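Hi there,

Here is the structure I promised to send over. My notes on it follow below.

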Amino acid sequence: MNLQLILTFLGGVGLFLLGMRLMTDGLKVAAGDALRDILARGTATTPRGIVSGIGITAVVQSSSAVIFATVGFVNAGLLTLFQAVGVIIGSNIGTTATSWLVAIVGFKVDLQALALPAVAIGMLLRVTGQGKRRAYLGDALTGFGIFFLGLDVLKASFGDFGEGFDLAEYTGNGVLSLLMFAAIGVIMTVVMNSSSASLAITLTAAGTGVIPLTAAAAMVIGANVGTTSTALFAVIGATSSAKRAAIAHVLFNVVVGIVAFVSLPALLWLVAQAAQLMRLEPGPATSLAIFHTTTKLLGMAIFWPATPRLVRFLETRFRSAEEDEGQPRHLDRNIARTPDLALDALNMELRRIGQIARRGARDVVSMEGSAAIDRLHRDRAIVERLILACVEFANRAQYGEIPASIAEGFPLAMRISRYYGDIAEHVEEIAKLEATLTAPTDPAIAEALTEFRRETAHFLDLADPEAEGFEMKPIKRAIKDFADDYQSLKALLLRAGADDRLPVRQMVARLDELSYVRRIVDQAYKAAKYTRRLRKQLDHHPDSEATVDGEEFYRDDAVMRMTDNRKPRPESTATLLDDNEGIDR
């Protein structure tokens, strides 16, 4: 065995990994909509979840990608952990498609005759489809071709490798030998971060006679166990939901690996019988593909009935992070690699931020005194912490190419987060003012303030994007009514101060409070408006009203641009984007 042979082998592995990466990434982006729809709608029951997992993984050619996507939907609340377990089981079965691809195509077809046209067509789609879905399909097709070129190099290198080195001599130590080959499978998978690549090497080595069938089967078991390393690394610093789903994946593969290793002779006998029944052409690669599929089906037989108990067990674990309200619950870093899912996660985290900000706003417009100031200060810190997490997550998600259909979604999400940050800041300022104010003695002022608070609370309810029947038209009418109420109350306070019915200091503080409430209403309006637009992006519906909405926004903003002679407040420290639409500017 010489240096050139080693470099050829490593080059084949590199081509195989590059092809897998291009194929997986291209299909993930090109099929982003379908992936979301299938996972969201096709998992109502465990059998449907298993079928969905099999189908998507067979197409995308990466169980890790599908499992990370599944974790994203669990984080987003679109899938329960129970549904996710079904997808995980199916995804592990679907990953056997790679074994069948190598066994059937890799040893019976002229790989270069298949690979080079695929690369040519794929690059043509990439060059002519910049910014369109077909460009990503081109990446996937190019990866498909490179995948087979790498496989062809592996076959050639193993053929030469087998002439000078026989691994069969290491198989005579019984269980210890099998454990050694299983460990090799684990190490290869961890190092290459791809069970598909490890399986392709194993099947190619067995198909060219470098290693015997029993040893290769042990390596397949090791590769299945080794693929859990990706999930284990992924859950470091991840959300609780991500950890539970990842541990389900780990348990599936570890338990199946142990059972398969213990019953290896019986499984290989069963494989031989299955090959005869299916009338498949005998060969180590075909036998290993059957073996791989059999072990995964065995795992389904074990875990399907145990799914309810497994879910109950996992739901009692990893609860500490969820007890911290300031900990992001939907921003799993692994799904940032898939733009569609990343935007879904941002939307769900923004819902949480909005709930916290609106909760404080509702409380502050109805409270008296400063009893809640500590909690409101804590809420503001939580909102700012979550906004920062959203910004970092969005930057990570936009690192690669973004489909044009959702490209506007990430800036929209950042704009919405800025509005919620401003609301939280204004809420705390109102709470501080309330600590210095006394109840007005004038009945007319007291009644006007009470009515103004009531109208503000009503508007906040209307502007809640999570409210049932949420629409923008009632909000636009309400904000115009609010503008009239604001002007009336402001005039009343000014007259009361001029007539000495309200001390000057109290009048100024009440006007400041009134201004902060107005800004909260303005930011709540903007957050609702842009949340509607973001959700159109998520649904991939062209926002045909974008220009009109913009015009309407400025008209509505003009209604809210009410006279305020005091110097504008400096920009909020939570401000993330420059915005010239604010009513204070």
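With a relative accessibility of 15%, Arg 380 counts as buried (under 20% relative accessible area; exposed is over 50%, partly exposed in between, with a 1.4 Å probe and protein chains only). Before going on, note that this is a predicted model, in which local features need pLDDT of at least 70 and side-chain atom pairs count only at pLDDT 80 or more, while totals for chains, interfaces and linings use all residues. Residues are numbered from 1 along each chain as its sequence is written, and side-chain values use heavy atoms, leaving out hydrogens and water.

Arg 380 sits in helix 17 (residues 373-397); helices are DSSP runs of H or I, at least four residues, numbered from the N terminus. Arg 380 forms a salt bridge with Glu 425, with the closest N and O atoms 3.9 Å apart. This pair links distant parts of the chain, since Glu 425 is in helix 18 (residues 409-434), 45 residues away. A salt bridge here is a side-chain nitrogen of Lys or Arg within 4 Å of a carboxyl oxygen of Asp or Glu.

Glu 384 also forms a salt bridge with Arg 380, at 3.2 Å between the closest N and O atoms. The two are four residues apart in helix 17, so about one helical turn separates them. Glu 384 is partly exposed, at 28% relative accessibility.

Asp 379 is buried at 4%, whereas Arg 378 is partly exposed at 40%.

Best wishes
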